[in-house]
Amino acid sequence: MADLFVVLPPVTSHNAVVFGKNSNRPASEVQDVIYCPPKDYPDGEKVKCTYIELDQVGHTNAVILSKPSWMWGAEMGANDKGVAVGNAPVWTKLNGPEDLEKKLLGTDLVRLSLERASSASEALNILTTLLENPGQGGPCTDEPGKNGWCFHNSFLIADSSEAWVLETAGRLWAAEKITEGYRNCSNELSIRTKMDLTSPNLIEEAKSLGLYTEDMGPFDFKTTFCSQSLSAHDMANSTCFRFRHGRELMEKAANTGKFGYQDMFKILRDEDGGICMMDGGFITAGSQVSVLLPPSALAPSVHWFTGTPNPATSIYKPFFFGPGAAVGDVTVSPPSEAGTEQAEKGHALYRGHKKLCNLMDTQEEKGHCVLAQLRELEKKCCEDVDEIVANYNEASFPKLKQIFQHLATMEINFYL
C-alpha cells in the first residue's frame, strides 16, 4: 500500500517540485533510512538485489533510501542528482502465479533507478528497460505464511523540472508526463487515455490478450488492465477514496499558489482519509518529502524522512547531499537474529518511537505532551533550514551535512 504525491510550479513556493510518499507496509516490518555514498565499480561487477543479481554499472549515485530492513530495495528515496522515486503496489488482470518467480521487486527497481539516473526521464528509461528484462516479480514480504503476497507496480518519478507516473501490468506499461500542477497515485491504475510513452505495441499486446477491441472506444490503460478484484467493495472503495481524498487535499493547498513542503507534511499526516494508515495489518511504516530545487537555485534540494511509523506521531528530519553527508546508524537496523523478541527488533529510533506510541496508549496526556515537544523541535528545525536555504552559500553546508543524524539523536532523547 502507498500514496504518492507531486506538486510542481507554478503552484509551489520557490519554484520547487515537492515530492511526497507514505510507505504502507505490514505492521511487523521495520523501515530503515540509509545513506549510500557514490561509488565506482570495475567491469564485471555484480549487484545482488533482493532475490537476483544484475550486472553493476560503472558508477552509482549517492542515494538516501527508506527501505524495509529485510530487503535490498527501497520503497522510496532520492539521489544526489535531484531525482526522487517511489513505488506503489497495483493489481492487474495480468497478475498470476508467475508473479512469484524471483525477479526484481518494485523496491529493487526504485533503488536501481536512483543509483543510476541523473534525471527523471533517465530514471523512467532505466525502469522500463528493467521491466522488460529481467522483469518484476517475487514475494513482497518475508512474513512467515505470507510469501504468496505479490503485485505489479506503479512509480512516481520526479526531478526539479518534471515528473512521470509510470504504471505497469507485468512487462507492459504506460507513462504520463507532468510538467505543472499536481498529481497523485495510489494502489490502483490511474493512467487513462493520456499516455505520453508506452511499452512497444501496447495496444496490439492488449488485443492479443483479449483485453481490448476497437469497438470499446479509445484505448484506456486503466480500464484495460485494472484487476477485476479491485471492484470488490472493500478494497476498491478504500483505494479510490484515498486517491480522491489525497487529490482534494493537494488541490486545496495548491490553490494558494504557494504549496510548500510543510503542506506535504500535513497531507501525509492525514488520518481521516487513510493517507496516514495505522489500523489493521498495514501501517504507514515510513514517510518522505523531497523539495527539488531548480539548477538556478543556489541552495541544494532538501529531503525529509521520518524513519519511524505513523507520520502523525513522528517528526520529519532533513537530509542534504554533499561532502561528508551522513545519516548515522540510529535509523539502520542491526542484522536480525533468530529468537530476537519483536520489541527488541529494529533500529534505535524505531524502538524509541515505539515507546512514545505505548505511552500515548497508556498515559495519553503525557504521550501527547512529548509529541507536542517533538513537533516544536520539528518546527524549529524547519525555521532553521528555511533560513539557511534562503541565505545559502559555500559556508552553509557544514551546518547541514549531518543534520538528519543530529535531529534523530535529539529525537531519541525525548523517548528515554
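Predicted model: local features only at pLDDT ≥ 70, side-chain atom pairs only at ≥ 80, totals over all residues.

**Thr-50 and its surroundings**

I started with the contacts of Thr-50: leaving aside neighbours within four places in sequence, it touches Trp-70, Met-71, Trp-72, Gly-73, Leu-105 and Asp-108. Where does Thr-50 sit? I found Thr-50 in the loop between strand S5 (46-48) and strand S6 (53-55). Is Thr-50 buried or exposed? Its relative accessible area is 14%, and buried means under 20%, so Thr-50 is buried. I also checked the pair Thr-50 and Trp-70: they are 20 residues apart in sequence, and their C-alpha atoms are 8.6 Å apart in space.

**Strand S8**

Next I looked up strand S8 (residues 63-68). Of its 6 residues, 6 are buried, so S8 is largely enclosed by the rest of the structure. Which residues of S8 point which way? Val-63, Leu-65 and Lys-67 go one way, Ile-64, Ser-66 and Pro-68 go the other, and all are buried.

Then the partners of S8. Strand S3 (residues 31-36) runs antiparallel to S8, with 6 bridges joining them, and Val-33 stands opposite Ser-66. Strand S9 (residues 76-79) also pairs with S8 in the antiparallel sense, over 4 bridges. There the bridge partner of Ser-66 is Met-76.

**The sheet around S8**

For the whole sheet I wrote down 8 strands, open, in the order S3-S8-S9-S10-S11-S12-S13-S15, with antiparallel pairing. Its edge strands are S3 and strand S15 (197-198), each pairing on one side only.

**The other sheet I checked**

This open sheet has 6 strands in the order S14-S1-S2-S16-S17-S18, and the pairing is antiparallel. I noted strand S14 (181-185) and strand S18 (317-319) as the edges, since each is listed as pairing on one side only. From one strand to the next, the twist averages 15°. I zoomed in on strand S2 (residues 17-26) and strand S16 (residues 282-292): they run antiparallel and are joined by 10 bridges. Pro-26 stands opposite Phe-282 there.

**Cores**

How many residues are in the largest nonpolar core? I read off 86, and Ile-64, Phe-221, Phe-225, Met-264, Val-289, Trp-304 and Phe-319 touch the most other members. Helix H8 (residues 364-390) gives the most to this core, with 8 residues. Apart from it lies another core of 39 residues, including Val-47, Ala-123, Phe-151 and Trp-164.

Not counting residues up to four places away in sequence, its contacts include Thr-92, Lys-93, Leu-94, Ala-169, Leu-172 and Phe-219.

**H6 against H8**

Last entry: the axes of helix H6 (residues 261-268) and H8 come within 12 Å and cross at roughly 150°. The two helices are therefore roughly antiparallel to each other. The contact is made by Tyr-261, Gln-262 and Phe-265 of H6, with Glu-378, Cys-382 and Asp-386 on the H8 side. By class I have 3 nonpolar, 1 polar and 2 charged residues in this contact.

Conventions
Residues numbered from 1 in each chain as written. Heavy atoms only, no water. Core = buried A, V, L, I, M, F, W, Y, C linked by side-chain atoms within 4.5 Å. Buried < 20%, exposed > 50% of the residue type's maximum accessible area, 1.4 Å probe, protein only. Contact = heavy atoms within 4.5 Å. Axes fitted to C-alpha atoms, helices over the stretch in contact; angles between N-to-C directions. Parallel < 35°, antiparallel > 145°, perpendicular 65-115°, else oblique. Nonpolar A, V, L, I, M, F, W, Y, C, P; charged D, E, K, R; others polar. Pairing = 2+ DSSP bridges.
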